[in-house]
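Walk through this structure with the sequence at hand.

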Amino acid sequence: MDRDEATRMRYEQGLTWKEAANMAGMTESTLKSANFRQRKKQAAQGIAVPERQQSIEVPVLPSDVCIDELKGRKRAEFRRKAVAAEARKLIPIKIKHPGVLSLLFFGDLHLDDPGTDIDLCYHHAALTHIDGVYGVSIGDHTNNWVGRLARLYGNQSTTAAEAIVLCEDFLKSARWAFIISGNHDTWSGAGDIVRWVSSQAGALHGDHQLRCQLRFPQGDPLTIVARHNFAGNSQYSASFGANKASMLDPNPAELYVNGHTHVSGYNIRKNGKILSHALQLSSYKQHDTYAAEHGFQDQHVSPAVLVTIDPLAGMAGRVMVHHDVDVGVEYHKWRMGRA
Ligand SMILES: [Fe+2]
Ligand SMILES: [Fe+2]
């Protein structure tokens with residue numbers, strides 16, 4: 001018997017190297033080397049190499065996954081995701097009354113933080129009940145320390161349970177156009193209290209961002225891109241992220257608003273036929289140990305801004321921004337009285 005025959009019998013009958021080598025009348029190592037060279041040659045030529053026959057037999061167990069069912073579920077899931085994403089590309093908000101309207105943009109609230117001006121939060125919430133004024137919250141409603149950061153509850157007297165009660169009470173105290181969950185809120189994932197309270201309050205809600213278009217009974221619609229945080233920072237401009245978004249947006253909006261950095265900033269730039277306002281909102285958390293520790297310069301002007309919109313005005317007068325919310329409300333009332 002030659003070595004090829006012995007090797008073939010080894011695979012077919014499950015013989016050991018020693019048994020096959022004895023049949024071929026050669027040593028085990030000679031047969032192994034010959035076999036190795038042969039397999040290498042076959043592999044180079046793309047010839048399937050026979051595997052040694054198993055000397056045991058195992059059963060094929062039934063799977064608990066049905067691939068057809070799984071693919072069907074994934075298909076339906078993807079369709080739902082696509083429909084949801086499409087609906088959020090530009091959310092229409094129908095304004096039913098003519099004339100001016102004001103949006104009160106709330107910066108980062110951090111309601112449970114000891115450095116937060118809680119009275120100012122509720123004072124601004126009360127202002128949203130004035131005729132023609134609607135609130136917009138930009139996110140980070142509570143500290144919501146999670147994971148390694150949970151140790152920071154040691155720095156505040158308000159417990160996590162109390163923070164939830166505070167958040168719910170505050171959100172229900174105002175009238176909202178829409179509410180955004182910031183990074184602190186979304187750390188809770190599906191357990192985000194802000195999402196739940198928003199639906200209770202009948203407010204539009206988005207994680208991180210909403211792109212809305214106000215549609216008035218008269219006048220051109222106005223698009224707002226509100227994000228908890230736009231990408232990009234500059235030491236020369238606090239509103240750099242929002243301004244950059246206005247520059248790169250293929251469909252420019254008139255208002256780009258964000259929070260997160262706890263500093264105030266604002267600038268305008270002519271964007272084709274419209275004027276884009278880039279707003280960086282500060283925070284109600286006015287005493288910040290993190291900022292003190294890192295030596296951040298105080299760039300806080302106001303935790304909120306009142307934006308009065310006149311849909312019938314020209315480019316320069318369509319959007320009026322007041323960093324002093326109380327002064328802005330007086331302006332709003334005056335404009336409402338003129339309508
Ligand atoms: Fe924040
Ligand atoms: Fe944030």
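Ala48 sits in the loop between H3 and helix H4 (67–87). Helices (H or I, at least four residues) and strands (E, at least two) are DSSP runs, numbered from the N terminus. Ala48 is exposed, with 7 other C-beta atoms within 10 Å. Here a residue is buried if 20 or more other C-beta atoms lie within 10 Å of its own, exposed if 12 or fewer, and partly exposed in between; the C-beta atoms are placed from the backbone. From Ala48 to Arg318 the separation is 270 residues in sequence and 75 Å in space, C-alpha to C-alpha.

A word on the model itself. It is predicted: local features need pLDDT of at least 70, side-chain atom pairs count only at pLDDT 80 or more, and totals for chains, interfaces and linings use all residues. Residues are numbered from 1 along each chain as its sequence is written, while chains are lettered from A and ligands numbered from 1 in the order in which they are written.

Go back to H3 (residues 28–44) and its partner H2 (residues 17–24). Their axes come within 8 Å and cross at roughly 95°. Axes are lines fitted to C-alpha atoms, for helices over the stretch in contact, and angles run from 0 to 180 degrees between N-to-C directions. H2 and H3 are therefore roughly perpendicular, the term for angles of 65 to 115 degrees; under 35 is roughly parallel, over 145 roughly antiparallel, and the rest oblique. H2 brings Trp17, Lys18, Ala20, Ala21 and Ala24 to the contact, and H3 brings Glu28, Leu31 and Lys32. Contact means C-beta atoms, placed from the backbone, within 7 Å. By class, this contact has five nonpolar, no polar and three charged residues. Ala, Val, Leu, Ile, Met, Phe, Trp, Tyr, Cys and Pro count as nonpolar, Asp, Glu, Lys and Arg as charged, and the others, Gly among them, as polar.

Next comes helix H5 (residues 118–127). Cys121, His124, Ala125 and Leu127 are buried. They cover an arc of only 155° around the axis, which puts them on the same side of H5. The arc is that of the directions from the helix axis to the C-beta atoms. Asp119 and Ala126 are exposed on the other side. Cover for the buried residues of H5 includes strand S2 (101–106), strand S3 (133–137), H6, strand S11 (304–309) and helix H11 (325–338).

Helix H8 (residues 193–200) buries Val194, Val197 and Ser198. Seen down the axis, these fall within an arc of 105°, so they line one face of H8. The face turned away carries exposed Ser199 and Gln200. Among the elements covering the buried residues of H8 are helix H6 (160–173) and strand S4 (176–181).

Which residues touch the most other members of the largest nonpolar core? They are Leu104, Phe105, Val136, Tyr256 and Val257, out of 55 residues. Such a core is a set of buried Ala, Val, Leu, Ile, Met, Phe, Trp, Tyr and Cys residues joined through C-beta atoms within 7 Å. Leaving out residues up to four places away in sequence, Val136 touches Leu103, Leu104, Phe105, Phe106, Ala177, Phe178 and Ala226.

Finish with the backbone. Most residues other than glycine have a negative phi. His110, in the loop between S2 and H5, has a positive phi near 40°. His110 is buried, with 24 other C-beta atoms within 10 Å. Asp140, in the loop between S3 and H6, has a positive phi of about 60°. Asp140 is buried too, with 29 other C-beta atoms within 10 Å.

Conventions
Contact = placed C-beta atoms within 7 Å.
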